[in-house]
Number of protein chains: 2
Amino acid sequence: MSTPPPRERGPSPSERVFDDVCGHVRRTAVLASVESLLGWDERTMMPARAAAYRAEQSAALAALAHRLRTDPAHGDRLAELAAGPLARAGSPAQRATIALLNKDFARQARVPERLVEAIARTCVEAQQAWVTGRAESSWSTVEPWLRQVFDLKRELAACQAPDQDLYDTLLDEYEPGGRWREIASLFAQLRSEIVPLVQACEGAARRPDDALLRRGYPVSDQKRFVREVAVRIGFDFDRGRLDTTDHPFCSTMGPEDCRITTRWDERFLPTALFGVLHEAGHGLYEQGLPTEWFGLPPGEAASLGVHESQSRLWENLVGRSPAFWEWCFPLARAAFPHALDGCSPAEVQRCLMAVRPSLIRVEADEVTYNLHIMMRFDLERAVVHGELSVADLPDAWNERFARDFGFRPPSAAEGVLQDIHWCAGLIGYFPTYTLGNMFAAQLMAAAGRDLPELDRDVAHGRFGGLLAWLRDRVHRHGRLYSPAELVARATGAPVSERWLVESLRARYGAAHGCV
Amino acid sequence: MSTPPPRERGPSPSERVFDDVCGHVRRTAVLASVESLLGWDERTMMPARAAAYRAEQSAALAALAHRLRTDPAHGDRLAELAAGPLARAGSPAQRATIALLNKDFARQARVPERLVEAIARTCVEAQQAWVTGRAESSWSTVEPWLRQVFDLKRELAACQAPDQDLYDTLLDEYEPGGRWREIASLFAQLRSEIVPLVQACEGAARRPDDALLRRGYPVSDQKRFVREVAVRIGFDFDRGRLDTTDHPFCSTMGPEDCRITTRWDERFLPTALFGVLHEAGHGLYEQGLPTEWFGLPPGEAASLGVHESQSRLWENLVGRSPAFWEWCFPLARAAFPHALDGCSPAEVQRCLMAVRPSLIRVEADEVTYNLHIMMRFDLERAVVHGELSVADLPDAWNERFARDFGFRPPSAAEGVLQDIHWCAGLIGYFPTYTLGNMFAAQLMAAAGRDLPELDRDVAHGRFGGLLAWLRDRVHRHGRLYSPAELVARATGAPVSERWLVESLRARYGAAHGCV
């Protein structure tokens with residue numbers, strides 16, 4: 001993705017409209033980026049009592065941005081472009097920009113302001129109910145809100161795309177062009193392989209044990225250590241920051257301003273280390289998008305699934321590999337001499353390979369994690385399609401969990417109430433996590449073929465080759481291709497679950513001696 | 001200042017217009033507060049390369065806020081209010097709000113957008129020229145920019161108030177209702193007392209020496225120590241923060257969100273300690289303004305001079321007092337046992353009383369500081385009034401400096417180029433610093449009369465009585481009274497320089513054994 005070549009003549013009328021449209025979208029992006037800063041500050045820096053006014057500040061910015069996005073004159077210019085010569089004969093970036101901006105505008109302009117406001121308001125209250133409901137493990141506190149959220153999101157989908165499957169429309173927000181039937185079919189294959197792999201790992205004679213990582217790791221030493229790791233894999237601190245939050249995230253507030261966060265656990269090194277590898281993976285993607293197109297489709301991420309592929313690739317496929325620990329171990333031992341003295345790189349790496357069915361998604365290992373996701377995907381899809389009522393969610397959750405994990409959640413807090421997503425209106429979001437794992441495995445397999453020295457490079461702390469490959473195959477293309485197209489072009493093969501299956505089986509099966 | 005009592009009947013038409021106007025101003029304040037956050041983030045957190053886009057974000061917010069502020073419909077409603085019954089018979093807060101909003105609107109609406117933009121653009125470039133010019137001590141780099149800035153600001157003043165003295169109009173931005181002739185007369189009195197005091201201190205046989213404060217003070221210990229001091233004097237960290245910057249400041253980004261900064265010098269304890277006392281003094285004022293009126297005159301500071309009185313009161317009149325060090329010394333010794341072991345509170349306090357004519361305003365002691373300010377005030381006023389050309393500023397500076405301080409600046413960088421204010425367009429700003437010192441001394445004298453236990457309270461670390469007095473006499477009144485009126489009401493006497501003269505003479509004369 002590069003900027004269009006300098007024009008040798010003056011702009012045509014159509015190019016002039018294109019420039020106007022881009023200017024308008026860039027102005028919207030400026031406001032949206034300020035909203036991002038408000039959100040980042042709220043979660044990292046803001047004093048406790050400033051929350052109420054922060055909500056007003058965010059709402060004011062959101063309203064201004066929404067007004068720009070749905071400005072009818074903007075819609076007219078977009079329609080003119082779509083019917084004009086650039087939509088057919090422009091550069092690839094121009095054609096994609098025209099098509100995607102028209103699609104975005106149509107989705108947003110079809111939604112009555114009343115519904116936008118009702119969703120925003122309801123989700124704020126639903127999330128408050130969730131905080132209480134989860135703390136008290138009280139399903140009845142959350143249920144009425146969840147019913148409203150699902151109803152409103154179904155209404156939203158019906159407005160946005162009257163002729164399309166409701167769940168696909170919701171999914172489209174996070175995974176453009178995604179289709180639930182295709183995802184369900186990929187997931188079914190994946191599940192049929194993962195369930196026996198988990199059982200095999202559970203029955204293995206020698207199972208990895210992470211006691212080594214539960215010794216004392218002073219937080220101040222962790223801070224220096226993980227920052228050095230982030231720098232080494234390529235995260236640019238001249239264009240980003242690392243801060244502390246309870247729930248780690250990555251947020252972009254400008255073309256040269258991408259900020260990640262992590263949490264710290266003095267008694268468990270992986271919390272911060274893998275948190276930072278994950279968020280820095282997101283950050284590398286953001287820092288690799290074409291800055292000159294910031295706020296426009298060629299400068300935006302392709303999808304949440306593709307985004308998650310970048311974070312999971314660095315977290316799991318790089319960060320848990322023996323080669324990585326060959327390089328990283330001396331650094332870690334220098335940072336934590338008390339905890340790691342007398343250990344070997346292989347011992348530490350083996351600690352990271354434990355597989356154990358557990359209740360909480362965000363604490364799950366790399367293998368069982370996908371079972372958590374597939375379950376949520378099936379349940380939310382069934383509710384959106386009217387096959388399952390919100391009232392029946394807890395039972396459906398517990399039954400499915402027992403089937404996949406072999407035991408029932410002891411409480412709603414550890415079961416159906418554990419995630420904030422549904423109360424936050426994030427319906428159609430969960431499958432992007434496992435799609436990300438699949439894309440990551442498929443990309444890593446292709447990178448391994450293209451870069452025969454990859455393992456040796458990683459073992460020497462040389463990550464530039466892999467990053468350059470990702471920049472070239474993924475980052476620089478922005479949102480120009482659909483996720484499936486992007487992954488297929490990057491890897492030379494259609495999207496498939498088989499790379500993830502192979503990767504999990506090879507790595508976790510080997511660590512448990514059961515392949 | 002309290003909120004209006006609940007209405008027993010429905011709002012009158014005039015009250016309805018008042019509510020509309022307040023709503024509009026509050027919406028402007030939301031955008032302005034987001035601009036504040038952008039500025040704070042830029043100076044404390046932002047990654048290096050994000051500066052260019054940050055300028056776009058700030059400009060976009062500023063433009064939106066300016067559009068709201070100068071909205072003609074808003075002006076019509078304000079005019080309607082000014083002619084209506086509330087302007088005569090409303091509550092004091094309503095009357096002041098109507099009068100002040102009309103004044104603000106008139107000033108802003110009279111200025112053509114072209115001039116607003118020219119000033120903004122020129123000041124950005126002039127500040128860049130200043131950075132280079134000061135680094136190279138090159139007056140000729142700065143001179144043409146300074147000429148433009150002074151010309152533009154004169155033009156601005158002529159637009160804003162065609163019938164008023166130009167310098168008074170510029171001053172009004174920072175010190176509402178201030179008149180240069182009155183200030184000049186106060187300053188002349190003050191100068192006639194300070195010059196001999198400085199000479200007496202210089203000739204004193206035993207002069208305070210601050211070597212004690214130039215030992216090793218580890219920054220991490222300073223951070224804990226100054227935070228504890230800030231909490232103790234009343235700065236509320238649930239509604240604020242303390243961060244690190246090269247140039248300390250205090251900035252408010254919401255009714256419950258006031259953030260201060262400081263810098264740290266491992267070899268000089270006063271840098272951070274008095275920096276924080278100063279900024280926390282500003283912060284206490286901001287935190288004491290009526291939150292329910294945030295963004296409206298009853299919720300705004302009265303002037304920069306009054307603001308500075310709060311910072312200087314805590315920094316100098318509290319923080320350098322023997323009583324303060326009786327309380328603070330054990331805390332300091334516990335924080336810095338190596339540096340302070342074997343010292344006494346009196347020794348430390350005496351270190352803080354050194355008077356020494358020096359080149360740089362921001363490093364000056366409490367006494368000579370005012371000579372720096374009075375000189376800048378006379379020079380900038382003369383330029384605005386056309387009595388002195390910008391080209392002649394360096395010579396005029398050096399001559400005046402030699403007269404007041406007894407030696408000539410060796411370079412422009414240490415003379416006329418040392419401050420960014422003029423290049424930043426801050427003309428009429430300097431006198432507020434010394435006005436602040438005068439107000440502070442006058443307020444502290446009155447507080448001392450009203451609170452007979454004040455010294456004993458401070459010696460025990462009890463600052464609540466003084467803070468409550470300031471809240472009652474100053475903070476809660478917002479911008480309802482002019483600075484002179486506010487100080488006179490708070491202290492029972494018209495504004496005068498004599499409290500500052502007495503305070504400096506008593507404290508510094510005594511420390512030098514020359515009273």
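Visitor: What makes A:Asp236 and B:Arg49 a salt bridge?

Guide: Their side chains meet at 3.8 Å, N to O. A salt bridge is a side-chain nitrogen of Lys or Arg within 4 Å of a carboxyl oxygen of Asp or Glu, so the pair qualifies. Across the interface of chain B and chain A, the rule finds 8 salt bridges.

Visitor: Good to know! Where do these values come from?

Guide: This is a predicted model, where local features need pLDDT of at least 70 and side-chain atom pairs count only at pLDDT 80 or more, while totals for chains, interfaces and linings use all residues. Residues are numbered from 1 along each chain as its sequence is written, chains are lettered from A and ligands numbered from 1 in the order in which they are written, and side-chain values use heavy atoms, leaving out hydrogens and water.

Visitor: How do you know that the copies meet through the same surface?

Guide: Contact means heavy atoms within 4.5 Å, and 37 residues of chain B are in contact with 37 residues of chain A. Of the interface residues of chain B, 100% are also interface residues in chain A, so the copies share that surface.

Visitor: Why is this called the relation of a two-fold axis?

Guide: Superposing by least squares on the C-alpha atoms of residues with pLDDT of at least 70 in both copies, a rotation of 180° with 0.0 Å of shift along its axis brings chain B onto chain A, with RMSD 0.0 Å. That is the relation of a two-fold axis.
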